[in-house]
Amino acid sequence: MNDRIRHDHTRGTRRFLLSLCSGVGALAATLAIVVGVPHAQASAAALRASAAGENDRTFKLDLIDRLKTGPETLILGSSRAKRAEPDQLQALTGRAGFNAAVISGTAADAWVMTRYLADCFPHQKRRYLWFVDVGIATNGINPNLKADPRSHKYLGMAAGEPNTGGRGCGPDDRRTISRYNSNGSFGPNSVHLPEKAKHLDEAVAKLVASVLAHPPAPVGKLNPKRYVWFEHALKFMNARGERPVIVLNPIYPTVLAALRKVGFPARKTSRRYLTQLHKRFDFVVVDAEDISRWGGSPRDFADPTHINDKNMQRLVAYVVTHSNGALR
């Protein structure tokens, strides 16, 4: 059994996080995730939502500090990846893992988590399971990530700024407490999770209506600034002889149908980008947007963009089988 470290959330934080899926701001943020609005807008919405919640970036870095041995598989992504269980991956692949996904996680978060874990356990190759939305990546940096000194040398290095250092790996005298298990997975009292959201049908109907009423505009020329952290991470992984698995996150079936009806330009852009990227980097893509492909159930969504434990278990099993051996 993994060690559990408790965190006493404030009531205000609980209410805010529980309401994200039903409020007007949540609908805008959800729409940004699903249809792929311009990355500056999407980043701003995600960063505001995350800044109001728990500082799980610090929690995850603290948990890495406390690891006795390096995990062989690293799970990356946003809150949509938080339900991926390292224990299930270990049962399927024989390799221990760590879930480094964070609320409103961006490519910058994945870059820092990847580099920090590699520095903590420098002589160990790793597998990566990286869940991304249809927009693939943004160049935003979460304020909580930027505030943690352990991120400074990685963010500065990637941006061409001076290396400002940061504390090395290993336990310190801080007593960070959270609701996560020692492998980064959720503990038993995760009251802030999407699974607690209500009125799924109503939220889905609003999102479908918004997509049909305001179809997303086609995306023109790709902006390389959008993908800077994403490509830094891929380059680093490949240089270590590692082949990451990129998973396109599931979309609720009726929302996906609405997006297809209006042309789903964000998907076309992301597929074009990934095709170009394969010329420079080695990675596997598993497209999980259509849940019928991997046996998902619409009943097992917590909200229009988050699947629950049951669907995540189905998805992880499918990804392991369809990742060309990259997770074995």
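Reply: What follows looks at the sheet strand by strand and then turns to the helices around it.

This is a predicted model, in which local features need pLDDT of at least 70 and side-chain atom pairs count only at pLDDT 80 or more, while totals for chains, interfaces and linings use all residues. Residues are numbered from 1 along each chain as its sequence is written, and side-chain values use heavy atoms, with hydrogens and water left out.

As a setting for the sheet, the protein chain holds 13 helices and seven strands, where helices (H or I, at least four residues) and strands (E, at least two) are DSSP runs numbered from the N terminus. Of the 328 residues in the protein chain, 55% are buried; here buried means under 20% relative accessible area, exposed means over 50%, and partly exposed lies in between, with a 1.4 Å probe and protein chains only. Among the contacts in the protein chain with a separation of 6 or more, 81% are between residues 24 or more positions apart, a contact being heavy atoms within 4.5 Å.

The part you ask about is an open sheet of five strands, arranged in the order β2-β1-β3-β4-β5 with parallel pairing. Because β2 and β5 (284-287) stand at the edges, each with a single partner strand, one side of each is left without a neighbour in the sheet. On average, neighbouring strands of this sheet are turned by 15° against each other, direction ignored; such angles run from 0 to 180 degrees between N-to-C directions, and the axes are lines fitted to C-alpha atoms, for helices over the stretch in contact. Strands of a sheet pair through backbone hydrogen bonds, either parallel or antiparallel. In this description, two strands count as paired if DSSP finds at least two bridges between them.

With strand β2, residues 97-99, β1 pairs in the parallel sense over three bridges, and the bridge partner of I75 in β2 is N99. The strands β1 and β2 also belong, together with helix α5 (residues 86-93), to a right-handed β-α-β unit. Right-handed here means that, with the strands pointing away from the viewer, the path from the first strand over the helix to the second runs clockwise.

β1 is also joined to strand β3, residues 127-132, by four bridges, and β1 and β3 run parallel. Along this pairing, I75 stands opposite L129 in β3, and T73 stands opposite R127 in β3. Strand β3 is itself mostly covered, with five of its six residues buried.

Moving on through the sheet, four bridges join β3 to strand β4 (residues 245-248), and β3 and β4 run parallel. One of the residue pairs there is V132 with its bridge partner L248 in β4. Helix α6, residues 107-120, packs on the sheet and touches β1 and β3, with a direction that makes about 160° with that of β1. Helix α13, residues 309-321, lies across β3, β4 and β5 and runs at about 130° to β3.

Finally, a helix and a loop residue elsewhere in the chain can be set beside this picture. Helix α4, residues 56-66, is mostly covered, 10 of its 11 residues being buried; the buried residues of α4 include F59, L61, L63 and I64, and also D56, R57 and K60. T305 lies in the loop between β6 (301-303) and β7 (306-307), and T305 is buried, with a relative accessible area of 4%. Leaving out residues up to four places away in sequence, T305 touches T30, I33, V34, R80 and P250. The C-alpha atoms of T305 and I33 are separated by 8.1 Å, although T305 and I33 are 272 residues apart along the chain.
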